[in-house]
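The sequence and the structure are shown first.

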Amino acid sequence: MLEHIRYNDRLEYRVNYAESVIERFKKFPELCEGSQDFSLLTKHQDLIRLLLADLFPTGLTLNEIKAASIPFSSITFNYTERFKNILEYAGHNFDLQFRDFSQDEIYVFSCCIIIQVYFKKDIKINFPFYYDIPDKNGIVRHYKITVNSDFSEIIPAENTVLPNDHDLEILLENLDDISLWKKHFPPQSWMLKGFNIFSLVDCTSEVALSDLKSTMIQIDPENPLPNDNLKEIFKSYFDVSHLNFGLMLMDHQLQKLEKLPIYENVFTSYLLDFWINLYDEKLQKTAFQNLKYNPRPIVVSDVDHFDDEIKNAPNFSVLTKNKIRSFMVIPIIHNDEVLALMEFTSEIAGSFNGLKLRKLDSLSDILIFSLNRFKHERDNQIEAIIQREYTTIHNSVIWKFRNEAQKYFNASLQRKLYTLREISFKNLSPLFGVSDIRSSSEKRFHLMLDDLNEQIESLHQIFATHQFHEQEKYILALEVFENKLNNDFKADTEQRFQRFLREEIHPILQAELEIRSHKSIKDYFAKVYSVNNLFYSNRRKLDESITLINRKIADILDESQVEAQEIFPHYYERFKSDGVEHNLYIGQNLNPSLHYSAKNLNELRYWQLKTICKIEHEFESFGKALPVALEIASLIFVYNERIDIRFRMDEKRFDVDGAHNSFYEIIKKRLEKARIKDSNERITCPGKITIVYFGMENQKEYLGYISRLQKRFILKNDVELLRVEDLQGVSGLLAMRVSLV
């Protein structure tokens, strides 16, 4: 370049300048002939700056971000002043690294340049390269790199085997295969002479906008992994070093703001949190309505510009407490409906203004898309939870509901009418089992008496130590109720006592408390259950015990279902009351794509007996720790006839279909209190499993299952073969009982 100026330029001063630099360079042959000693770049930096003066004009050194570099290396030199300042602000330990490019990717990219430059292949290399460099305020700025390679040359090293056209095609089809690239372009096999000039262009807003869009698209309720860099991206986008932001969804049904739990550690919603936590419900709804009908953004550049009236208002404390000097609150609107509120706050006055608000226009479409997608997917997740936890549509039958729903949906797309058909399954084999809490009603009655007698005794003590108007009348009434409870209890005795307390006793006690404090009266009301005005501690312990038993039994059944469904997909449901009963239905119609046989039914029956044994064994362990001592008795009913089930739309559950199948349900209900024939003993017994069946074929089948469990030391060798008393409309039932080890 200098030689060209020396012999061709018409301006004398430029010719003299070129001759001077050339003569100085001749004194250092290593600079003219080339060298691999990169320390020369530092040693001769002043001379190199003279050489590159035309490419690095002094007048632009504070404007351009430019430097020279050794091709395909991290060695850079001859920075402009602006570039030096940028690196100085980044810190002495900062190392320039390409954004989102691994060393292998850089290696392949270098090879692609060789293919384009040396092999003259027009492969259109246009990968964007960026540097991410923090500024003096800690904001990460993004710079796009452009390279001028006019001053460099690529040549193969000695003995380098050049890849042919076919090899190049294979390489370009396999950009991710680094071993293949190193095979055809081994390290040290190519030489690069000269230098490159690279320039940086500040693209912070554009890159941050792209990052924000990518982050918004990735929000996924099924995989809630919030992007912790979101705040840093917003800092770069708005060029605000001290920035916090928050976002809350609008719940139009409940008329309130809704947090996003997965983003609580990312979002800092000072203003929105203040709204939902400190405002009373009435004020919240008023503000909600105002926002609904007048959804305008609020932008405050400097809170110090507020007048004194606003600064002295109680609500202003949220700004001073959190050192907020500038903020924006922006409603996200779609189809005239507010989807969410977003806030941005900063400790630095002037951080936000109308221009910063306009920058959000570029994000509005992707925000609306992401929020709508998030809400729809979240609603789908919630629907799935409702279906799983609150309805009886089991996974084994959901396919038939989906088929019917799809027909309805397809018809609606074609603007056709479609009537949903009933969902039913025919020819299924039923299995029924129950683990019943024994004598729970009797236990509840006695605990009720304990509670009420304790309450009457407490009232007697109060009347003995305090004087009330018409006290003798109340004492006499308490004695009458005490006698009724213990000697002449009737169906309405508890309700009459409850009304007596509510209308007569409690009002005078509460009136006394308003006059003066009495520990005995306070202690009395502390024991009263506010729902019914009665002492309830003993019955509450019973309720807790029943709840614990039911939960444990249900958990065992649910966990064991994983194994059971592998036998053959079947319909399963369970119900809690004083104990847990379960129903299973199995058959070909539940899963037409799989082969079903009697072996599947036999395996499921064995699974059921084994699971009931597990329930009994688990109860032996956890039953001892219950607040109230209880016992369970387990029963299995074996039924050989096939039945049909139908989903009842009114009850939203499956039920046995048809009068001819109702016999099965009748037997189930009447087995609960059934007794051994010619005896007063019930067929169920705590510590034993009872199996009820009709014929000898079932007896033989279940004796085989019992034998397997006896060999595993789960059941004892004490099988009892029994006959069940004739029930209303049912006769000929047999039973067997066996104890657990």
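## An aromatic cluster

In this predicted model, one aromatic cluster is formed by Tyr-79, Phe-83, Phe-98, Phe-101, Phe-109, Phe-129, Tyr-131 and Phe-198.

## Aromatic pairs

A pair of aromatic rings is described by the distance of the centres and the angle of the planes. The structure holds 44 aromatic pairs. One of them joins Phe-98 and Phe-129 in an edge-to-face arrangement, with 4.7 Å from centre to centre and 65 degrees between the planes. Phe-98 belongs to the loop between helix H6 (81–90) and helix H7 (103–117), while Phe-129 belongs to the loop between H7 and strand S3 (130–134); the pair therefore ties together parts that are 31 residues apart in sequence.

The two partners can also be described by their accessibility. Phe-98 has a relative accessibility of 28% and so counts as partly exposed. Phe-129, with a relative accessibility of 8%, counts as buried.

## A stacked pair

The ring centres of Trp-181 and Phe-185 are 6.2 Å apart, and their planes lie at 25 degrees; because planes under 30 degrees apart count as stacked, this pair is stacked. Trp-181 and Phe-185 are both buried.

Note on methods:
Residues numbered from 1 in each chain as written. Predicted model: local features only at pLDDT ≥ 70, side-chain atom pairs only at ≥ 80, totals over all residues. Heavy atoms only, no water. Phe/Tyr/Trp six-rings, centres within 6.5 Å; stacked < 30°, edge-to-face > 60°. Helix = DSSP H or I, 4+ residues; strand = E, 2+ residues; numbered from the N terminus. Buried < 20%, exposed > 50% of the residue type's maximum accessible area, 1.4 Å probe, protein only.
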